[in-house]
Amino acid sequence: MSFDYKKEYKEFYLPPKKPTIVNVPKMKYLAVRGSGDPNKEQSEYKKSIALLYAIAFTIKMSYKTSYKIDGYFSYVVPPLEGFWWQQENLQSLDYDKKETMEFLSIIRLPDFVTKKDFDWAIKVAEEKKQTDYSKVEFLEIEEGLCVQCMHIGPYDLEPNTINLMHEFIENLDYQLDINDKRLHHEIYLSDPRKCNALKLRTVIRHPIKKKEGK
C-alpha cells in the first residue's frame, strides 16, 4: 500500500475544526511563484498547479524508468498547498483585492528526494512534454511554531476561521508572527472543480510566537 502523508501525519494535514498549535519541521517541496487573481482563466496560479503536478508525478513514477532514486518507496502525491500574501499588508489578506495577491504554490516531496533527483525530473518532463518547467523550484521550508485549523466552506469565508485562530492564540499568550519569511499558509484537501463550495476542506496555518515577556 502506498504511503499517504495525509494519513501518516494527521497533525499537519487533518487538524480538527477548532484551532490547535503545531510545530512544523523542515520539509522538502516543489514550488512555483506567481501573482494575480487566482480565479481568472489562464491565471498564473492555475498555470502553477499544472507545472507542479507534472514534476510531482514525474518523480512519483520514476521507479518505472531506468533512473533510480535512493530510498524510494511508493507514496501518494501529497495535497496542493500555498503561501499567500499582499505586499501592502503582510499581516492579513484582503479577499476583495485578489488581483494584488502573490503566492508560492507548493507540493510536498518525500524526504528521499534530492536536488539531483529534482533536476532529473525537470529534464525528463521538459523532454517528454516539450514544456518549460524552469519556474519550478526545489525548496526546503521549516515553518516552526504555528496555529492551524480546518476551514470548511468557501475560500472567501476563511476570515471567519482566521478570526477564531487569532482569538485562540491571544488567550494563550501567543501572537502572530507573519512576515516576509513566515506567511499565511493553506493546504487544499478538496478539489474545487468537483466539490460543493460549502464542503471545501482547507487547512489554514499561521506562524506564531510567544508574546514578549511571556
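How many nonpolar, polar and charged residues are in the lining of the largest pocket? The count is 16 nonpolar, two polar and eight charged. The model is predicted.

## The largest pocket

The volume of the largest pocket is about 790 Å³. Its lining is made up of 26 residues. Among these, Tyr45, Ile49, Leu80, Tyr155 and Pro192 lie nearest the centre.

The largest share comes from α3, with four residues.

## The second largest pocket

The second largest pocket has a volume of about 260 Å³. It is lined by 14 residues. Phe83, Ile141, Lys181, Arg182 and Leu183 lie nearest its centre.

At least two lining residues come from each of β2 and β4 (137-152). With five residues, β4 gives the most. By class, the lining holds eight nonpolar and six charged residues, and no polar ones.

Where is Asp177 found? Asp177 sits in the loop between β5 (174-176) and β6 (184-188). Is Asp177 buried or exposed? Asp177 counts as buried because its relative accessibility is 16%, and the cut-off for buried is under 20%.

The side chain of Asp177 makes a polar contact with the side chain of Arg182, at 2.6 Å. Arg182 is also one of the residues nearest the centre of the second largest pocket. Not counting residues up to four places away in sequence, Asp177 touches Arg182, Pro207, Ile208 and Lys209.

## Glu126 in helix α4

Glu126 belongs to helix α4, residues 115-129. What is the relative accessible area of Glu126? The value is 28%, so Glu126 is partly exposed. That class lies between the cut-offs of under 20% for buried and over 50% for exposed.

Neighbours within four places in sequence are left aside here. Glu126 is then in contact with Thr131, Asp132, Tyr133 and Ser134. Glu126 and Ala197 are 71 residues apart along the chain. Their C-alpha atoms are separated by 35 Å.

Conventions:
Residues are numbered from 1 along each chain as its sequence is written. This is a predicted model: local features need pLDDT of at least 70, side-chain atom pairs count only at pLDDT 80 or more; totals for chains, interfaces and linings use all residues. Side-chain values use heavy atoms; hydrogens and water are left out. Buried means under 20% relative accessible area, exposed over 50%, partly exposed in between (1.4 Å probe, protein chains only). A polar contact is a pair of N or O atoms within 3.5 Å; within protein, one must be able to donate a hydrogen and the other to accept it, and residues adjacent in sequence count only if both atoms are side-chain atoms. Contact means heavy atoms within 4.5 Å. On a 1 Å grid over the protein atoms alone, a cavity is a set of points where a 1.4 Å probe fits but cannot get out, and a pocket is an open set with protein on both sides within 12 Å along at least five of seven lines; lining residues have an atom within 4 Å of a point. Grid points are joined across faces, edges and corners, and a volume is the space filled by probe spheres set on the points. Ala, Val, Leu, Ile, Met, Phe, Trp, Tyr, Cys and Pro count as nonpolar, Asp, Glu, Lys and Arg as charged, and the others, Gly among them, as polar.
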